[in-house]
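Please read the following report with the structure open beside you. It takes up a single residue and then a boundary between two chains.

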Amino acid sequence: MKLTIHEIAQSLYLPLGTVRRWIRQGRIPIHKSGNGFVFNEAILSKWAAAHHLTFSPPKKSPEKQQDPELETLSSALKRGGVFYDIKGDDGASTLKAAVEHINVLDSHAKEKLYQRLLERENLTSTGIGKGVAIPHPHNPLPDADFRPFITTCFLEKPIEFAALDNKPVFVMFILLCPSVKSHLYLLSRLAFCIRDDSFVEFLKTFPSSDRLLLKIADFEEQLDRADRY
Amino acid sequence: MEAQLFHIFRNNPFGRETLLQSIYFCKKMGASPVVYIPKFTKFLMYFENDVVQIDLDSSYLSSPDTAISHATELLEEGGLSVRFFEPKHYTATTLPDIHTNFDYMACPRSISDLSTKIGLGYIGPKVRRIVNSARFPVLITSPVYKEWDRIAVFFGGSANAVNALKLGFRISRETGLPLDVFTYVGKVSLESYEQVIKDENLKKEMDYFVNKWHIFEKGIFEENLYEVPHTALVILGAYGHGLIKNFVFGSKMEKIQSTISNNLLIVGPNYVATS
Amino acid sequence: MRIFKSWRYPASWKFFRLDDRLLLMLMAVIVGLCSGLAALALNRSLIAMFNWLHKYHHIWWAFVLPGIGAALSSLFLEKVVVEGAGHGVPEVIYSVSRYGGLLRFRSSYSRLISSCLTIGSGGSAGPEAPVVMSGAAIGSNIAKYFSLNDRQRVTLVGCGAAGAISSIFNAPIAGMVFSIEVILGEWKSVNIVPIAIAAVAGTEISRILQGNQIVFSHLQFNIDLLDIFACLGLAILTAVASIVLTRMLRSMYGISHKISAPIWVRAAVGGCAVGIIGLFLPVVLGEGYHAVQAMIGGTFSQGLALVAIATLAKVVATALTLGWGGSGGIFAPCLVIGSLAGLTYHHCLILLWPSISWVNEGCFALLGMAGLISGMLQAPLTGIFLIVEITGGYEVILPLIIVSAISTSLCHYIEPASFYLKELVERGHLLRPGTDARVLSDLNVREIIEEDCITVKQNMLLRDFINIIKISPRNYFPVEDEKTNNFLGIIHLDDIRAYLFNPDMYDAVVLGQIMDTKVDVVHPDDDLSEVLRKMDAHQLFSMPVVSNNKFLGLISKATILDQYRKELVVQTSQ
């Protein structure tokens, strides 16, 4: 196999200078040949394993890796869907009704999720004030094999949710993520939106799914700008 | 990382010309000079697969007390940061080692002979060996300080010539100066040169950077060199290998440097192109 | 044409690419033969020169001969081949440890000629170190010609040294052990096999051309228990002699360098002084193998006083020759001084306990040699095997081991670095494979620099900076000047944590006010050991790398550890 030194350095996860020096010093089974470097793939990967190094030769068609960070709030919201007039008199029954709407999961998973949400609510309420609650499980779901999503549920009537400011809750964002990292990321973004009073007022108008997503996209643009700076 | 040019300072008028030339090169290229003021007449350069002992003539050691101030003065005049090279390792007590992680090195046409001999027509054997083993291009300065405002690449089709051409593109990009390519068509046809360009995927750059491709088809090689502008930095590859050697400018390096007095930037066979 | 070209790149042949051991063995034969021939050439020319000058030795001005020889040899080294003086072994070890054994081509013959001039004319020095230098340079240049890599080149340098020693002493094991113990300092089968082959090749070429003769033949020895006890005393005596020789060499070197005369004048003065000593005690002249032969054979019939004086005289003569600019090694003088010391000791024993029947004096001469070689080189194995092989006397092995071991440890106690290594140790250049110093010297700042730091401008508000902190993977933020992009200082998150949570400060503070400007910086060309020393001294975990006032990146201890470990694993396995 013949590669350039840059490709070799990349596939061994080593600095370029180190690889070049090791080849010169004869510490690595790679030979210089003209402008490229030749090696036997099997021998090199054996060598790498013996020296606690990782070797993954560059793929012909590099798979595009999905970075969980790239997941935006809007796409998570879109994936979760927006639902209106969720029935229920107290926290538990409302959650139960809300979970039923999540069409991404099968019934078994729904039941499990419901139990988890209840456990989390027993710890402290996820009602973060201003009539908004963000129910989520304490830990990411095990055997989670899905992209993160947020299901938006506007309630039929506000309910007591033991929220921080004791205001009754009229909207729930059920947040489900496969990893803690994406969970925190989405949660902080959502919290940023809710901190804005005008957004809460906007929510109180029970906006349509499209309008909600548009609004959220606006907020995200602001956030992205701040991040990029 | 900033490019570094290695310069061995000779504290006499001739050395001043060379240093001025290096400073000019650095300013054009945005490189920073590293100046070595020798304390011994010899030093070793350890390359990848060769060690070269450079024996300087004694004029390099003359008046050591003024050397630093002279060099500093010239560098500051040029508006460049002053950095002197202090050898850290010694092979023997009077034999310092000089590492070779530089991006360019400036050499007079010969560094181990008396300056009176230095004129045209002769590249010292040490300079030749440096060119041969170095991973960096070697700037062979003109006998007197000479500014340049264009670039001329000699392209003869060998791997080194291709490297020289790429270096020419890079310098043209960094300095914004026009680039001319010169080819002396010997026994082989012009098409084979174009084929080399195509094989190396250089067609686009060729069209973009090159001002004019001068082709010499007849006449004696040296006579054609009159066409090379006297204010050009001449870039060429040295020492083609094997078969290609026959129709390469590489073997013509000596002819070129003995005929024209321009500044030469020579790319050796071990040159590693850095982007 | 292609085939013609590729024969210079055997390492890229498919046959050798899988495993270079075969290639190395093949090369080892070539290198062993070449360096063996070089050693023989020196040996032959020494004999020729000795015979040629022999007829002048009775003339009264014969004492200037060593002076002329030494002056010529230093002129040759200084002006013709432009190499430094010295015997060259430290240079070989240095190059092996730092530059993969790259040696100049001229080294492969320069020392041969210069030492031939010094020794042939009567200077007290040995031909072994020059031969080792030549052999090593031959190995290195053969490796260079075939474009081998550093590891292979180092092995061939060892092969060259082994071939040379094997050939000059007709002693394959000694050559092998010397090369591994002194030159390479690493016992690995990848090295040992080719070096053994080179030693065999070197020995064989010498046997073909010179005949299989043992250098110093000897009588049968019957060693009693009492003799073994007596060895303890001899070991101490040889240790003292080694230390005296080492100190004397150094002080002579110091004295001669205080004199501001041209180098060849110094050499001439030293040589003439040796010549004058030689007028009275001819045993000090030359490499002295005849004298050693006589002493082992028991035919060196001199009294105690004379032998003791001869011992000292040889020490002084060696110091005069080598310290004042002559060219040659320490090996042969060690053998002579050792056997003289052994003889002295034997005479003392007889004087003190005349009734006991001590073993033959030749045996003590032999043990003395081993003691001195081990003491000077601090290489006990080399001492033991060399003496066993050059005398063919396996029966002395027990006292030999005792004397070598004690002499080595005593010398090590007083002079921690051996004669060959002292210069390197003093400069901090002794980098044996697999050691901390070696790993650090191979790594450099450019390899461990982390370039994912986000740089900020000095007039940025703290408010804007907060947003940068959010996305930065690091806790360090280099601050640059707006216009020149020069590095001004660095902000460490730990230092500004207090203001971070105080929104009132957000618009009140610019980064230029809170950055740390008194930071230690690293230059990309700095040695890593130096960088680590700085870090330890100031209890730092990260340092910015700055060149020409521009920030290049950060180096941190975590990355150093990571790379250090990889480097160590790669360097020590094989």
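This is a predicted model: local features need pLDDT of at least 70, side-chain atom pairs count only at pLDDT 80 or more; totals for chains, interfaces and linings use all residues.

A:Glu121 belongs to helix H6, residues 107–123 of chain A, helices being DSSP runs (H or I) of at least four residues, numbered from the N terminus. Its side chain makes a polar contact with the side chain of A:Thr126 at 2.6 Å, a polar contact being a pair of N or O atoms within 3.5 Å, one able to donate a hydrogen and the other to accept it.

## Where chain A meets chain C

The contact (heavy atoms within 4.5 Å) takes 23 residues from chain A and 25 residues from chain C. Five salt bridges are counted between the two chains, and in a salt bridge of 4.0 Å, N to O, the side chain of A:Arg21 meets that of C:Asp442. On the side of chain A that touches chain C, helices H2 (16–25), H3 (41–50) and H9 (209–228) each supply at least two residues, and H2(A) gives the most, with seven residues.

## How to read the values

Residues are numbered from 1 along each chain as its sequence is written, and chains are lettered from A in the order in which they are written. Local features need pLDDT of at least 70 and side-chain atom pairs pLDDT 80 or more, while totals for interfaces use all residues, and side-chain values use heavy atoms, leaving out hydrogens and water.
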